Amino acid sequence: LQRWAHQMEVFVRSVVVLVMMVCLKASVMAVPLVQNGDFSVSDGGSGAAGWTGGIRNIGSTGNTGGPGILILNTSFPGAGSSSQTGDTTAGQAYLLQLFYFNLNNIPIVSWNGSVLTPFETFISTTNANYTGLRFSVVGTGLDTITFTGVPLQTGIDDVSLTAVPELGSDLPWGLIAGMLLVTGRRRKRNA
């Protein structure tokens, strides 16, 4: 009976550590770094809340079926580019992802004024008319994403910026879990 109680104690400790790890990761990843990345909220005029420039088009179905996309149109003053500035963690790696509509007009994407080259281009799984782009960027603390249209018109939707976990970031939690298990086994041997 004592052996069973001890095994149960070790098991419960391991589950508690695992739950703590999951909750910590969920709380870190839940913070949206790009505001209104689906362009569903208006700025009260023709633009999208949180973005400067561009034209919010609510008549077009977005990549995931949402009500708005951002149109970059170089034919209209102030609509040829759009940007958003937000807080990041200096030195943290991020994944910047977006979807664009119009295969002939790939938008120019910039991070703090530097033009980015996507490391991946793919067709959307929710709307074959949209192509996804993924970029790797590093935060400086306060960063600006800018989209610039090319001649004619390009639609952008579902912009996201996600922190990339560092390799070995679970190491401290793994050490804690391992120490709890070893401590539990030592107590078992000593009993």
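Modeller: Let us begin with the aromatic residues: Phe39, Trp51 and Phe147 form one aromatic cluster. This is a predicted model, in which local features need pLDDT of at least 70 and side-chain atom pairs count only at pLDDT 80 or more, while totals for chains, interfaces and linings use all residues. Residues are numbered from 1 along each chain as its sequence is written, and side-chain values use heavy atoms, with hydrogens and water left out.

Colleague: Why is the pair of Phe39 and Trp51 called tilted?

Modeller: Rings of Phe, Tyr and Trp (its six-membered ring) pair if their centres lie within 6.5 Å; planes under 30 degrees apart count as stacked, over 60 as edge-to-face and the rest as tilted. By this rule there are four aromatic pairs. For Phe39 and Trp51 the ring centres are 5.2 Å apart and the planes stand at 50°, so the pair is tilted. Both Phe39 and Trp51 lie in the loop between α1 and β1, so the pair ties together parts that are 12 residues apart in sequence.

Colleague: What makes Phe39 buried, and what makes Trp51 buried?

Modeller: Buried means under 20% relative accessible area, exposed over 50%, and partly exposed in between (1.4 Å probe, protein chains only). Phe39 has a relative accessible area of 0%, so Phe39 is buried. Trp51 has 6%, so Trp51 is buried as well. Of the 191 residues of the protein chain, 35% count as buried.

Colleague: Why is Asp43 called partly exposed?

Modeller: The relative accessible area of Asp43 is 45%, so Asp43 is partly exposed. Asp43 is placed in the loop between α1 (2-29) and β1 (52-53). Not counting residues up to four places away in sequence, Asp43 touches Ala48 and Ala49, where contact means heavy atoms within 4.5 Å.

Colleague: How do you know that β3 and β11 pair?

Modeller: Helices (H or I, at least four residues) and strands (E, at least two) are DSSP runs, numbered from the N terminus. Two strands pair if DSSP finds at least two bridges between them. Strand β3 (residues 69-73) and strand β11 (residues 153-163) have four bridges in the antiparallel sense, and Asn73 has Gln153 in β11 as its bridge partner.

Colleague: What joins β5 to β11?

Modeller: Seven bridges join strand β5 (residues 93-101) to β11, and the two run antiparallel. Leu95 stands opposite Thr162 in β11. In total, the protein chain has two helices and 11 strands.
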